[in-house]
Amino acid sequence: MMMPMEEKVDLESDEEIPFSASATRKKVQPFDSEINIASHVDMSKSWILKRIQMGPLRSIYIVLIKAKINMLLPFGPLAILLHYLTGKHGLVFLLSMLGITPLAERLGYVTEQLAFYTGPTVGGLLNATFGNATEMIISIYALKSGMIRVVQQSLLGSILSNMLLVLGCAFFSGGIANHQKVQVFNKAAALVNSGLLLMAVMGIMFPAVLHFTHTEVHFGKSEMALSRFSSCIMLIAYGSYLFFQLKSQPNLYSPVDEGGVNDPEDSDDEEVPEITQWETIGWLAVLTLWISILSGYLVDAIQGASDSLNMPVAFISVILLPIVGNAAEHASAIMFAMKDKLDITIGVAIGSSTQISMFVIPFCVVVGWCMGQPMDLNFQLFETATLFISVLVVAFMLQDGTSNYFKGFMLILCYLIVAASFFVHVDLEKDNS
């Protein structure tokens, strides 16, 4: 019994001695170095991930890299480069539009992140305000350059785009995604917004009617005075609406809870902000500044783009510019409609239209007044009629408090009719001034 054991031990020791020599090290050492390299790589990866998760790198990744739409960000600097290197205004205009689109969408995203820290009502107001920041910046740049018709038509186009295209796509997508049930929303809140839109139509219509019926007391002056007075009234009305919404009757704007109990998984997903409060404020400043820089190049290229692309300035102002500015509203409205949260969709689409018509347009009139620019509420007959009919169509769509894909499809078709109308429309601003 002992001999085999000793032989076994000797055999084991004999095997170990040669394998512990240099030959063994040549075989074992590469394997050890691979393990060390792999461990170092894993450690460096985990360190990078920790740094991304904890530091500002994570914020940069989430805001500027994570979303697929950020692939369009390089078009902005490229547009500025081409502006100085070439005189191709059409190309500069298209690249500026592509460059502003992801910035507008990211601005909406950052505003939604800020809403986690401010509460839903103030967050919705912030979303509408910063969602319209792109339009306001473009409008102020155009107003500074004396392009009053571009300001009027781009703001009109933003209202039409939000009411018809954004809301239509949201209703259509939500109806397809939730085809097994009828989607509902808060009818009372939607009707208040419809009433404000009709009031805005009234404020815009009377200066146009006064001008085209030639019934002004003082030709040219009465129309401007009425526009400025109406703008101040509209700003007071919008301020009262905010007080009504935030302080006086906040329960009116509580969402309709159809099922009685919210899905906890959805709430968990949405209740966690991805970036901190100070990061959101910093990103709001950075994105707004970059949008304002690109807007200057975009406005400068409008007339040249109209000539080189053989496209009316009215079509560019009413249809193309608002699609860029409404990128944030478009994405978020469709997303919320597909999640069956139509109250947020209505707040984004119709709330944005209400804010442009009752705040941004009157604000631009007052800013033009301060700048010495003759900005008024006379949007001309064709534009005013288009707005009036569109508001009526949307008001009828919202009156029963329900949504389906057919309503969305009709709104999209209405927007196509509007777009075709402005493509063949010749702006007679010179004759009417």
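This talk describes the helices, the core, the aromatic rings and some loop residues of one protein model.

Good morning. The model is predicted, so local features need pLDDT of at least 70 and side-chain atom pairs count only at pLDDT 80 or more, while totals for chains, interfaces and linings use all residues. Residues are numbered from 1 along each chain as its sequence is written, and side-chain values use heavy atoms, with hydrogens and water left out.

I begin with the overall picture. The protein has 19 helices and two strands. Helices (H or I, at least four residues) and strands (E, at least two) are DSSP runs, numbered from the N terminus. Of the 433 residues of the protein, 45% count as buried. Buried means under 20% relative accessible area, exposed means over 50%, and partly exposed lies in between, with a 1.4 Å probe and protein chains only. Among the contacts with a separation of 6 or more, 83% come from residues 24 or more positions apart; contact here means heavy atoms within 4.5 Å.

The largest nonpolar core has 99 residues. A nonpolar core is a set of buried Ala, Val, Leu, Ile, Met, Phe, Trp, Tyr and Cys residues joined through side-chain atoms within 4.5 Å. Helix H8, residues 148-177, gives the most to this core, with 15 residues. The residues with the most contacts inside the core are Phe93, Met163, Leu167, Leu387 and Leu398. Leaving aside neighbours within four places in sequence, leucine 167 is in contact with residues including Thr345, Ile346, Val394 and Leu398.

Leucine 160 is also found in helix H8, and leucine 160 is buried, with a relative accessible area of 1%. Which residues touch leucine 160, once its neighbours within four places in sequence are left aside? They are Leu165, Val318, Thr386, Leu387, Ser390, Tyr415, Val418 and Phe422. Leucine 160 and leucine 387 are 227 residues apart in sequence, and their C-alpha atoms are 7.0 Å apart in space.

Let us turn to helix H4, residues 75-85. Its buried residues are Gly76, Ala79, Ile80 and Leu82. Seen down the axis of H4, these buried residues fall within an arc of 165 degrees, so they line one face of the helix. The arc is that of the directions from the helix axis to the C-beta atoms. An α-helix has 3.6 residues a turn, so residues three or four places apart point the same way. Tyr84 and Leu85 are exposed residues on the face of H4 turned away from its buried side. Helix H5 (89-118) and helix H12 (277-300) are included in what covers the buried residues of H4.

Now the aromatic rings. Rings of Phe, Tyr and Trp (its six-membered ring) pair if their centres lie within 6.5 Å; planes under 30 degrees apart count as stacked, over 60 as edge-to-face and the rest as tilted. By this rule the count comes to nine aromatic pairs. One of them joins phenylalanine 359 and phenylalanine 363, a stacked pair at 5.6 Å centre to centre with 20 degrees between the planes. Both phenylalanines lie in helix H16 (residues 342-371), four residues apart, about one turn of the helix. Phenylalanine 359 is partly exposed at 26% relative accessible area, and phenylalanine 363 is partly exposed at 28%. Ring pairs link Tyr238, Tyr241, Phe359 and Phe363 into a cluster.

Finally, the loops. Where does histidine 214 lie? Histidine 214 lies in the loop between H9 and helix H10 (221-248), and histidine 214 is exposed, with a relative accessible area of 62%. Asparagine 310 lies in the loop between helix H13 (302-309) and helix H14 (313-325), and asparagine 310 is exposed at 69%. Histidine 214 has a positive phi of about 55 degrees although it is not a glycine, and asparagine 310 likewise has a positive phi of about 55 degrees. Most residues other than glycine have a negative phi.

Asparagine 186, in the loop between strand E1 (183-184) and helix H9 (187-212), counts as buried at 12% relative accessibility. The side chain of asparagine 186 reaches the backbone nitrogen of alanine 189 at 3.3 Å.

Valine 272 is in the loop between helix H11 (264-271) and H12, and valine 272 is exposed at 54% relative accessible area. Valine 272 and phenylalanine 116 are 156 residues apart in sequence, yet 7.8 Å apart in space, C-alpha to C-alpha. Thank you for your attention.

Terms used
A polar contact is a pair of N or O atoms within 3.5 Å; within protein, one must be able to donate a hydrogen and the other to accept it, and residues adjacent in sequence count only if both atoms are side-chain atoms.
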